[in-house]
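Subject: Structure handover

Hello,

Here is the structure I said I would pass on. My notes on it come after the display.

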Amino acid sequence: MAPKSQKEIEEMKRIPFKEAVGCLSFVAQITRPDIAYALNAVSQFSSNPGRQHWEAVKKIMRYLKRTSLKKLEYTNHGPRDLVGFSDADWGGDPDNRKSTTGYVFTLQGGAISWNVKKQPTVALSSCKAEYMALSCTIQEPMRWNNSRSQMSEDRPIFVKCDNQAAISIANNGSYNPRTKHVSIRYHFVHDSLEQGVVQLDYLPTKEQPADGFTKPLAVQKQRQFCELLGVSD
């Protein structure tokens with residue numbers, strides 16, 4: 001979908017694609033996690049965008065205009081414990097078959113930290129993709145340990161995943177022929193569990209807030225996704 005002719009190249013040079021993506025990135029990182037996946041998708045073409053990529057950016061803008069009253073809300077009645085959700089879309093990129101990692105941490109009924117990122121290597125199974133996503137997810141609360149110590153909180157952070165096999169590998173440290181090719185840096189998930197930093201639990205996909213960070217959703221699913229994140233009118 002990149003520009004093919006000289007005319008298309010000249011046309012795209014006049015379009016502020018990178019500026020628009022930059023502005024949307026600020027919105028997605030601060031108050032609107034519901035556009036994070038779509039923005040991550042279009043930002044991958046910033047170096048050589050085509051007309052269809054620009055149309056996708058404008059569609060995100062129209063969505064924001066149509067839902068301009070939506071905002072992150074937190075409540076005293078929401079869960080008081082910090083909870084993380086991790087998910088991966090195995091081989092979702094049709095060009096290089098790399099998977100997408102998505103995670104979100106919630107507190108008091110709303111999202112406080114989230115991220116969408118393409119995995120650096122190709123995963124050979126959905127289990128490996130989910131395990132790599134767990135590694136990325138657990139790195140996030142590591143930075144919060146000092147704050148948690150100041151608040152006298154020494155309980156593990158709960159992280160929920162929808163892949164039983166990945167949870168089993170993390171809990172048991174299953175070093176076997178089926179997992180030995182997984183990079184060493186991903187096995188610190190098991191070490192984090194042993195140290196009591198995190199605790200893994202299973203969560204069905206239909207209840208998984210991070211699912212919306214790894215794939216496009218239908219309208220009804222998008223509404224449910226917003227509700228799980230605490231994004232409401």
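The notes below go from the whole chain to the sheet, the cores and a few single residues.

Please keep in mind that this is a predicted model. The protein has 233 residues, and 46% of them count as buried. Its secondary structure amounts to 9 helices and 7 strands. The accessible surface is about 13,000 Å², with 53% of that area belonging to carbon and sulfur atoms. If contacts between residues at least 6 apart in sequence are taken, 71% of them join residues at least 24 apart.

The sheet

An open sheet is built from 5 strands, in the order β4-β3-β2-β5-β6, with mixed pairing. Its edge strands are β4 and β6 (198-202), each of which pairs on one side only. From one strand to the next the twist averages 20 degrees.

Which strands flank β2, and in what sense do they pair with it? With β3 the pairing is antiparallel and runs over 7 bridges; phenylalanine 85 stands opposite valine 104 of β3. With β5 the pairing is parallel, over 4 bridges, and serine 86 stands opposite cysteine 161 of β5.

β2 is also largely enclosed by the rest of the structure, because 7 of its 7 residues are buried. In a regular strand, side chains alternate between the two faces of the sheet. In β2, Val83, Phe85, Asp87 and Asp89 point one way, while Gly84, Ser86 and Ala88 point the other way.

β3 (residues 100-107) pairs with β4 (residues 110-118) in the antiparallel sense, over 8 bridges. Along this pair, tyrosine 103 stands opposite asparagine 115 of β4, and threonine 106 stands opposite alanine 111 of β4. The two strands form a hairpin with 2 residues between them.

The nonpolar cores

The largest nonpolar core has 30 residues, and those that touch the most other members are Trp54, Val57, Val104, Trp114, Phe213 and Leu229. At least two residues of this core come from each of α2 (17-30), α3 (36-43), α4 (51-66), β2 (83-89), β4 and α9 (219-229). There is a second, separate core of 21 residues, and Phe105, Cys127, Ile138 and Val159 are among its members.

Leaving out residues up to four places away in sequence, its contacts are Pro33, Ala36, Tyr37, Thr100, Gly102, Tyr103, Val104, Trp114, Asn115, Val116, Phe225 and Leu229.

Positive phi values

Most residues other than glycine have a negative phi. Arginine 97 has a positive phi, near 60 degrees, and is found in the loop between β2 and β3. Glutamine 108 also has a positive phi, near 55 degrees, and is found in the loop between β3 and β4, in the turn of the hairpin described above.

Are these two residues buried or exposed? Arginine 97 has a relative accessible area of 46%, so it is partly exposed. Glutamine 108 counts as buried because its relative accessibility is 17%, below the cut-off of 20%.

Cysteines

How many disulfides does the model contain? The count comes to 0. Among the cysteines, cysteine 23 counts as exposed because its relative accessibility is 53%, and the cut-off for that class is over 50%. Cysteine 136, with a relative accessible area of 18%, is buried.

Regards

Conventions: Residues numbered from 1 in each chain as written. Predicted model: local features only at pLDDT ≥ 70, side-chain atom pairs only at ≥ 80, totals over all residues. Heavy atoms only, no water. Pairing = 2+ DSSP bridges. Core = buried A, V, L, I, M, F, W, Y, C linked by side-chain atoms within 4.5 Å. Buried < 20%, exposed > 50% of the residue type's maximum accessible area, 1.4 Å probe, protein only. Contact = heavy atoms within 4.5 Å. Axes fitted to C-alpha atoms, helices over the stretch in contact; angles between N-to-C directions. Areas by Shrake-Rupley, 256 points an atom, 1.4 Å probe, with all protein chains shown as cover. Disulfide = S-S within 2.5 Å.
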